[in-house]
Amino acid sequence: MESAVLRRRSEELLRERFGAGVTVARSEEIAGDASTRRYARLWLEGPGAPRSAVAMILADRGAALSSEELGEVPPCEELPFVNVQRFLRSLGVPVPEIYVDATDEGLLLLEDVGDTSLRQRLGEVAPGERMRLFERAIEELVRIQVVGTARRDERCVAFHQTFHEGVYLWEFGHFLEYGIEKRLGPLPGETRTRLRGCFERIARKLAAEPLVLSHRDYHAWNLFLQGERLRILDFQDALLAAAPYDLATLLGDRDTFEFLSEEDERSLVRYYATRWEEAGGKPWNFDHLWDVYSGCALQKAFKIVGRFHYLAEVKGKRAYLGYLPSTLRRLEVLFGRVEEGREIRGLLEPWFSRLA
């Protein structure tokens with residue numbers, strides 16, 4: 001959608017929402033994510049209108065209805081973003097308001113939550129404040145997982161798709177394909193077989209965990225600070241998954257873990273367990289929680305290596321490669337926590353330093 005067309009059509013739709021006096025004074029492209037979606041900030045004038053709104057432009061509505069890793073989502077009459085937003089909003093989760101749903105035209109007009117990601121704020125504050133920011137994010141995560149699971153709504157598409165063993169293995173395979181073989185050449189057959197065996201054991205363990213409602217991409221670039229209020233974005237791929245997966249994403253995605261000592265990390269996992277129980281969840285055995293959390297973190301780090309090389313080579317989004325050195329440092333830590341870690345590290349020895 002061209003800029004002039006976007007402004008004209010957005011103005012028409014926003015007048016229907018906020019009143020005839022609304023105008024779009026100007027617009028500007030803003031940074032998006034790894035998907036095919038594009039975003040623009042619209043500066044508004046007129047009585048009754050917010051100062052600004054965000055236009056989500058769907059280049060391909062068909063692509064927006066599916067996740068590449070999960071394949072097609074179950075039949076749904078509306079975009080997963082719209083469907084999941086409605087459910088999360090009913091729980092009190094601080095997701096953006098949808099001002100206008102014009103997905104039949106490839107357009108959503110959303111509340112503007114600003115430009116300050118949690119990741120940005122983490123880099124600006126003292127260590128004690130960082131811990132409090134992580135705790136606030138954990139509190140909202142527990143609301144999604146415990147309260148959301150307890151209030152299951154069959155109309156929400158997230159309850160009809162599962163992060164099952166096959167998805168974990170698909171992501172491990174994505175790492176082997178794009179993290180190594182398409183760049184560095186085929187792995188020896190025995191090495192690939194043994195790696196696959198390790199990955200299968202981890203996938204089985206994670207898939208055996210009880211399932212809860214999961215955001216699926218709960219990292220510090222998808223959480224924003226609007227003033228002092230935490231806001232949550234990019235929830236359209238929500239599904240049922242092992243509870244520690246989102247926590248491992250929050251505390252360890254890309255370079256976030258480098259803000260935390262291992263003592264800090266354990267403290268936040270304990271905080272999660274405490275808030276989980278306070279919200280009505282079944283109490284955790286901490287050692288078990290730590291083991292599953294570490295397995296999720298290892299799996300997610302391998303997914304990141306493969307995914308970011310894929311985005312660079314196939315989608316031309318090379319900026320993501322800048323996060324790979326920190327992800328490899330994260331893997332080095334996790335190899336010492338996960339039962340299969342030492343074997344995986346040994347098998348990857350000839351390639352590990354070249355994964356970035």
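The paragraphs below lead through this structure from its overall form to a few single residues. The model is a predicted one, in which local features need pLDDT of at least 70 and side-chain atom pairs count only at pLDDT 80 or more, while totals for chains, interfaces and linings use all residues. Residues are numbered from 1 along each chain as its sequence is written, and side-chain values use heavy atoms, with hydrogens and water left out.

The protein contains 12 helices and 11 strands, where helices (H or I, at least four residues) and strands (E, at least two) are DSSP runs numbered from the N terminus. Its C-alpha atoms fill a box of roughly 65 × 45 × 45 Å along the principal axes. For 356 residues, a compact globule would have a radius of gyration near 21 Å, and the 21 Å of the protein agrees with this; the radius is taken over C-alpha atoms, and the globule rule is 2.2 Å times the number of residues to the power 0.38.

Of the 356 residues, 56% are buried, a word that here means under 20% relative accessible area, with exposed meaning over 50% and partly exposed in between (1.4 Å probe, protein chains only). The accessible surface comes to about 15,200 Å², and 47% of it belongs to carbon and sulfur atoms; such areas come from the Shrake-Rupley method with a 1.4 Å probe, and for residues only the protein chains shown count as cover. Among contacts (heavy atoms within 4.5 Å) with a separation of 6 or more, residues 24 or more positions apart account for 69%.

Helix H7, residues 189–207, has 19 residues and reaches 26 Å from its first C-alpha to its last, close to the 27 Å expected at 1.5 Å a residue, the expected span being 1.5 Å times one less than the number of residues. Its buried residues include Thr-191, Leu-195, Phe-199 and Ile-202, and what covers the buried residues of H7 includes helix H6 (165–184), strand E11 (239–242), helix H10 (286–313) and helix H12 (341–352).

Helix H12 also holds Arg-345, which is buried, with a relative accessible area of 19%. Not counting residues up to four places away in sequence, Arg-345 touches Glu-332, Phe-335 and Phe-352.

Helix H8, residues 244–252, is mostly covered, since nine of its nine residues are buried, among them Pro-244, Tyr-245, Asp-246 and Gly-252. After H8 comes Arg-254, in the loop between H8 and helix H9 (262–278). The phi of Arg-254 is near 55 degrees, a positive value in a residue other than glycine, and Arg-254 is buried, with a relative accessible area of 11%. A positive phi is found for Arg-216 too, near 90 degrees; Arg-216 lies in the loop between strand E8 (211–214) and strand E9 (223–226), and is buried with a relative accessible area of 5%.

One more loop, between strand E2 (37–45) and strand E3 (52–58), holds Ala-49. Leaving aside its neighbours within four places in sequence, Ala-49 is in contact with Phe-18, Val-22 and Leu-44, and its C-alpha atom is separated by 9.0 Å from that of Thr-23, a residue 26 residues apart from Ala-49 along the chain.
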